[in-house]
Amino acid sequence: MSQHVRIAVIGAGFGGLGTAIRLKQEGIDDFVVLERADAVGGTWQINDYPGAQCDVPSLIYSYSFAPNPDWSRLYPLQSELKDYMHRCAVEHDVLPHVRFRTEVTDASWDDHAQLWRIATSGARHPRPRHVRRHRVPLPGLEP
């Protein structure tokens with residue numbers, strides 16, 4: 001089954017979520033976030049060993065548009081970071097765009113069709129014109 005989307009974001013970690021949220025803020029809804037895990041959070045979703053925590057102060061390791069005055073500590077634990085990222089994804093309505101348990105197995109540019117062809121382990125194979133890997137689109141992005 002093929003699915004055509006304008007933009008594909010690979011990964012729902014901190015950068016991927018930030019990109020998806022920025023797309024929504026710019027009024028762009030024709031995108032998909034491809035995430036191999038079953039939840040958002042990237043490294044904070046995957047690494048849940050005892051004592052896992054950020055080595056960057058929480059005020060810096062958060063989105064500028066979503067400050068969190070309720071961090072429990074200067075260097076937050078994994079669970080708190082994971083919860084923060086999930087809350088941001090919900091508040092900015094990006095979860096409907098995320099395809100969980102979908103690993104990107106290949107991405108190649110089709111010069112003739114002028115689009116990316118993405119193979120995934122999931123049932124859907126989006127064919128976007130733009131692939132963004134943790135990058136916020138620049139103003140004036142053309143379709």
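Helices H1 and H3 are roughly parallel to each other, a label given to angles under 35 degrees. The model on screen is predicted, with local features needing pLDDT of at least 70 and side-chain atom pairs counting only at pLDDT 80 or more, while totals for chains, interfaces and linings use all residues. Residues are numbered from 1 along each chain as its sequence is written, and side-chain values use heavy atoms, with hydrogens and water left out.

Select residues 14–25 for H1 and residues 78–91 for H3, whose axes come within 10 Å and cross at roughly 20°; these axes are lines fitted to C-alpha atoms over the stretch in contact, with angles running from 0 to 180 degrees between N-to-C directions. Next, show the side chains of Phe14, Leu17 and Ile21 on H1 and of Tyr84, Met85, Cys88 and Ala89 on H3, which make the contact (heavy atoms within 4.5 Å).

Stay on Tyr84, which lies in helix H3 and counts as buried at 2% relative accessibility, where buried means under 20% relative accessible area with a 1.4 Å probe, protein chains only. Leaving aside residues up to four places away in sequence, Tyr84 touches Phe14, Ser62, Tyr63, Ala66, Asn68 and Trp71. Tyr84 and Trp71 are separated by 13 residues in sequence and by 9.3 Å in space, C-alpha to C-alpha.

Finally, select residues 104–110 (strand S5) and residues 115–120 (strand S6), which pair in the antiparallel sense over 6 bridges, pairing requiring at least two bridges found by DSSP. Ser108 stands opposite Arg117 in S6, and in the turn of this hairpin, which has 4 residues between its strands, Gln114 has a positive phi of about 60°.

Note on methods
Helices (H or I, at least four residues) and strands (E, at least two) are DSSP runs, numbered from the N terminus. Angles under 35 degrees count as roughly parallel, over 145 as roughly antiparallel, 65 to 115 as roughly perpendicular and the rest as oblique. Buried means under 20% relative accessible area, exposed over 50%, partly exposed in between (1.4 Å probe, protein chains only).
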